[in-house]
Amino acid sequence: MDSVPSHSGGDDVEHRTMTFKGLYGTSIGCRQRARANDWIFGDKQGLLTSRSTYPGAGKYAGTLLADNHSNWPDMQRSIPAMLEFGLFGIPYVGASICGFHGNAGEELCQRWMQLGAFYPLCWNHNAQDQTPQDPSYFSGDMQQASLTAMHVRYSLLPYLYTLFHHAHVRGHSVARPLLNEFSNDPNTYDIDRQFMWGPGLLISPALDQGSTNVRAYFPPGLWYDYYTATKVRQGLRTLKTPLDRVNIHFRGGYIVPGQVPGNTTQFSRKNVMRLFVALDHAERASGELYWDDGETKDAYEKGEYLSVKFTCSSEQLRWTAEHNSLRGERLHVGFIDILGMPHYPRRILIDGATVLKPGQYEWQSSTNFLAAKSGSRCIQ
């Protein structure tokens, strides 16, 4: 397979080369490093990323996108690049947030932090001798916007972890183009400024300098604003996107497992779970959760994990542990958000048994949003 790269340095030279560089990175680099990873961490999970990859490398490692620049076009291009690597079977992928080369301005870095919070591989990284671009280098407003975006990411880590499990055992993508979910909708075929996390979450970031509005396409079905629970119907919509916000929408028909965020993943996983239940037109939703101890290597292959199936109608929410051999920690559901609840409920049944009283839940008639405290109900 031939390629024609352009090399800069002195005179620009174009020459034809075989793509052995990527093949080497996969066949030699990733495999050897994977063995080294095993030697270092033993029976614990390790983490491996590589700059040189090829289709199939996702079995061994994630990948860092090429050295980018601190500008708006490079931020925009990171989305199709990320989605393509997911299609190549390398789901753990991300770009250098705020850019690697050059100096990022505050607005660019703020918007990039909001986008980068939804890269499967999320990191802020730049070259030596460049202006610092950690959020703490910028204004308090920028820091707060970055913190808000990262809190959303950490709140959704159980869902993200489940998506990576599906990538491992089913070959699914994590971040995916809309056309993957809506292959019968031609309007999704050329969308490269929005993307999805799995089947249940739509991300529509602001990608242009000075923009406080985003034109976003919503495929057929019901969609709900992450922050307000406001219902959005299909079609091309203009979304108000102030500097402190990134657009996130739940897809009707899906249950997204979340968790109260902590400062680190170690602390987050000790907190109670939060279920985001987005009802479809039929007032139903379903979802899955995969969970293990976060450390044991090949926990799924060893059978040391928890697998939960969630189902919900307008009357009842159920969860079933399809496999449960998780040792030690126990998961508890502390909060349940139901989006698209058509009327004020007379009572709420959880897992077919627990009855919530009116004081334990709140219903907003303007958005058909129900927020319930489940009393730390055990998920296992």
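What percentage of the contacts between residues at least 6 apart in sequence join residues at least 24 apart? In this protein the value is 62%, where contact means heavy atoms within 4.5 Å.

The model is predicted, and local features need pLDDT of at least 70, side-chain atom pairs count only at pLDDT 80 or more, and totals for chains, interfaces and linings use all residues. Residues are numbered from 1 along each chain as its sequence is written, and side-chain values use heavy atoms, with hydrogens and water left out.

**Overall composition**

The protein has eight helices and 25 strands. Helices (H or I, at least four residues) and strands (E, at least two) are DSSP runs numbered from the N terminus. Of the 380 residues, 47% are buried; buried means under 20% relative accessible area, exposed over 50%, and partly exposed in between, with a 1.4 Å probe and protein chains only. The protein exposes about 18,600 Å², of which carbon and sulfur atoms supply 49%. Accessible areas come from the Shrake-Rupley method with a 1.4 Å probe, and for residues only the protein chains shown count as cover.

**A six-stranded sheet**

Six strands form an open sheet in the order β10-β11-β12-β15-β13-β14, with antiparallel pairing. The edges are held by β10 (175-176) and β14 (231-240); each has a single partner strand, so one side of each is left without a neighbour in the sheet. Two strands count as paired if DSSP finds at least two bridges between them. Strand β13 (residues 213-225) is joined to β14 by nine bridges, and the two run antiparallel. Along this pair, Val214 stands opposite Leu239 in β14, and Trp223 has Val232 in β14 as its bridge partner. Five residues lie between the strands of this hairpin, in which Ala229 takes a positive phi near 65 degrees.

**Residues with positive phi**

| Residue | Phi | Loop |
|---|---|---|
| Asp129 | about 70 degrees | between β9 (123-124) and α4 |

Asp129 is not a glycine, and it counts as exposed at 79% relative accessibility.

**Helix α4**

Helix α4 (residues 140-155) has 16 residues and reaches 22 Å from its first C-alpha to its last, close to the 22 Å expected at 1.5 Å a residue. The expected span is 1.5 Å times one less than the number of residues. The buried residues of α4 are Met142, Ala145, Ser146, Ala149, Val152, Arg153 and Ser155. An α-helix has 3.6 residues a turn, so residues three or four places apart point the same way.

**Two places at the surface**

Gln209 lies in the loop between β12 (201-204) and β13. This residue counts as exposed, at 58% relative accessibility. Leaving aside neighbours within four places in sequence, Gln209 is in contact with Trp72 and Glu107. Gln209 and Arg111 are 98 residues apart in sequence and 8.9 Å apart in space, C-alpha to C-alpha.

Trp39, Ile40 and Phe41 form a nonpolar patch on the surface, with about 410 Å² of accessible area together. Patches are made of residues with over 30% relative accessible area and no salt bridge; like charges are joined within 9 Å, and nonpolar side chains (Val, Leu, Ile, Met, Phe, Trp, Tyr) within 5 Å. A salt bridge is a side-chain nitrogen of Lys or Arg within 4 Å of a carboxyl oxygen of Asp or Glu. Phe41 belongs to helix α1 (residues 20-41) and is partly exposed, with a relative accessible area of 38%.
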